[in-house]
Amino acid sequence: MNNNSVKDRILTTLGNNKVVVLFVLLCIAAIWASGSPLTFVGGELFTRIGRNGFTVLALLIPVLAGMGLNFGITIGAVAAQFAMFWVIYWGFTGLSGWLLALVLATPIAMFLGYLVGALFNRMKGSEMIAGLVLGYFADGIYQFIFLFVIGGIIPMSEASGMIINGGVGVKNTIDLTGNLKYALDNVSMLNLALVAFIVAIVVAIARVVLASRKGEKPNYKQSLILAVVAVVLYALTYVPAIEHFLAADRLRLMNAVMIALAAVVIKQLIDIVVFKLGKAKRDYKVKKSIALIIVCAIFYALTYIPAIEQVLMWVSIPVATYLAIVALCFFNSWLLRTRLGQDMRTVGQSRTVANAAGINVDRTRIIAMVLSTVLACWGQLIYLQNIGTFSTYGAHTQVGQFAIAALLVGGASVRKATNKQAIIGVILFHTLFIVAPQAGKELFNNAQLGEYFRVFVAYGVIAVSLAMHAWKTIPKKKEEEKTEETTETPAITEA
């Protein structure tokens, strides 16, 4: 019975994750066929994760709210590019210039997100089609502004090197070297530690102040402990060896893995010692913690395999960019636990039930779209500073398609998506992007075939997913129509 149960569980898991399994096999085959060294694949992959991960995660909130795949994130990318153009034109550079672009782009993205959400409320059930068409419409307006309005109506100086000869229109490509290239990637861990210290102190003080204003007794002990821990940890940054380590802006992947494994082990040990639960729950918790510690030990042992060790020692990741991605993962998880997140989940499951529960469906959907558009805008700013080149008329055109394809490759669907699926999708989709051209060259002596294949994969995954969604939603729509008819019948009788 146990063997059958385990077998059934494995088969069920494989069936539920067949898309992920298929792409894992495709990636392994493509890496083998390409003959590319793992150090090259690993380095390119982690660069692309940092470059595109934030944008893919920005897609999750509309899915939660039942609005499907947000093809309209192109509009968020357009807002980011408007802001970045002006920041470069005004001569701002480095992190301060990038932050200024963030500040300028955010209200634009919020306004555009509100308009998109309001439009989607008038097109319930057709949001994905509307978002796709709206993206093309926004691209047309964007090109009109950058080709004619800038320089034609708004006078611009050709001395900036950004304007086409003749003074009308923006050049096709703007080099970000020397101004905003790696603006976020180059933030050192020492500066991040300072920011974390300031945030911790502000939070400790804010907890006391907010509790006092609410008429509650402030928990001075917890706030004091938080402040003391922050002070002690920041004081450690003045130790020469630690200061030298934190002065870098990149973290070797081997060190990142060691830090992550150590953090998990310490957390599990604390759980075993500190948690005071009932005996049954405590026994389960202890077993789970021990199992996680063993898994960490296995991962640590794997780092001694020469091929894995070589990749871990070769690859370095930009700490600030990856922390932004991790922060967005935590934000998405936190949002689910809030009242707003629960409202979005209810709206996504059934608008009829949400209305009956007193939830303002239209308002909730608009908030979801505003959040997604703003996050997509920030993701585009991260992408541009990392790639180092601003393709004026092409940087935003395929943002939606590639981000959505990556999400679907990770096992997400039109109605369900998680942080884990987004990250897995980015890894698999971009691994295929990295090795497909070389695999095409090795197998068919034609690298262009690899390019065609990965574009085919991107659009093919989206098409199949949308077809499956349409097929599944037909019976659900009929059921909702019956429910609405049943709900409306008493009102008609009373009238």
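## A salt bridge within one helix

The side chains of Asp343 and Arg339 form a salt bridge, with 3.6 Å from N to O. The structure is a predicted model. Asp343 and Arg339 both belong to helix H15 (residues 339-349), and because they are four residues apart there, about one helical turn separates them.

Arg339 has 67% relative accessibility, so it counts as exposed, the limit being over 50%.

How many salt bridges does the chain have? The count comes to four. Side chains of opposite charge can pair when their charged atoms come close.

One of these salt bridges joins the side chains of Lys124 and Asp362, at 2.8 Å from N to O. Lys124 lies in the loop between helix H6 (94-121) and H7, while Asp362 is in helix H17 (residues 361-387), so the pair ties together parts that are 238 residues apart in sequence. Are these two residues buried, partly exposed or exposed? Lys124 is partly exposed, at 33% relative accessibility. Asp362 is also partly exposed, at 34%.

Another salt bridge joins the side chains of Arg365 and Glu127, with 2.6 Å from N to O. This pair, too, links distant parts of the chain: Arg365 is in helix H17 and Glu127 is in helix H7, 238 residues apart. Both Arg365 and Glu127 are buried.

## The chain as a whole

The chain holds 20 helices and four strands. It has 495 residues, and 41% of them count as buried. Its accessible surface comes to about 27,000 Å², and carbon and sulfur atoms account for 67% of that surface.

One example of sequence distance set against distance in space is the pair Phe40 and Val311. Phe40 and Val311 are 271 residues apart in sequence, and their C-alpha atoms are 8.5 Å apart in space. Phe40 is in helix H3 (residues 38-57). With a relative accessible area of 38%, Phe40 is partly exposed.

## Aromatic rings

The chain has 16 aromatic pairs. One of them is formed by Tyr142 and Phe146, which are stacked, with 4.4 Å centre to centre and 25° between the planes. The pair counts as stacked because its planes are under 30 degrees apart. Both residues lie in helix H7 (residues 127-152), four residues apart, or about one turn of the helix.

Tyr142 is buried, with a relative accessible area of 0%. Phe146 is buried as well, also with a relative accessible area of 0%. Which residues share an aromatic cluster with this pair? Phe82, Phe85, Trp86, Tyr89 and Trp90 form one aromatic cluster together with Tyr142 and Phe146.

Arg250 lies over the face of Tyr182, at 5.6 Å from the ring centre.

## The nonpolar core

In soluble globular proteins, nonpolar side chains tend to be buried together. In this chain, the largest nonpolar core has 110 residues. Which of them touch the most other members? They are Leu69, Met84, Phe85, Trp98, Phe390 and Leu407. Phe85 is also part of the aromatic cluster described above.

Met84 shows what such a residue touches. Apart from neighbours within four places in sequence, Met84 is in contact with Trp98, Ala101, Leu176, Leu180, Leu381, Leu384 and Phe390.

Asn386 lies in helix H17. It is buried, with a relative accessible area of 7%. Leaving aside neighbours within four places in sequence, Asn386 is in contact with Thr47, Arg51, Tyr182 and Asp185. Tyr182 is the residue whose ring face lies under Arg250.

Ser289 is placed in helix H12 (residues 279-302). Is Ser289 buried or exposed? Its relative accessible area is 1%, so Ser289 is buried, the limit being under 20%. Not counting residues up to four places away in sequence, Ser289 touches Gln268, Asp271 and Ile272.

Terms used. Residues are numbered from 1 along each chain as its sequence is written. This is a predicted model: local features need pLDDT of at least 70, side-chain atom pairs count only at pLDDT 80 or more; totals for chains, interfaces and linings use all residues. Side-chain values use heavy atoms; hydrogens and water are left out. Helices (H or I, at least four residues) and strands (E, at least two) are DSSP runs, numbered from the N terminus. Buried means under 20% relative accessible area, exposed over 50%, partly exposed in between (1.4 Å probe, protein chains only). Contact means heavy atoms within 4.5 Å. Accessible areas come from the Shrake-Rupley method with a 1.4 Å probe; for residues, only the protein chains shown count as cover. Rings of Phe, Tyr and Trp (its six-membered ring) pair if their centres lie within 6.5 Å; planes under 30 degrees apart count as stacked, over 60 as edge-to-face and the rest as tilted. A charge sits over a ring if NZ of Lys or CZ of Arg is within 6 Å of the ring centre and within 35 degrees of the ring normal. A nonpolar core is a set of buried Ala, Val, Leu, Ile, Met, Phe, Trp, Tyr and Cys residues joined through side-chain atoms within 4.5 Å.
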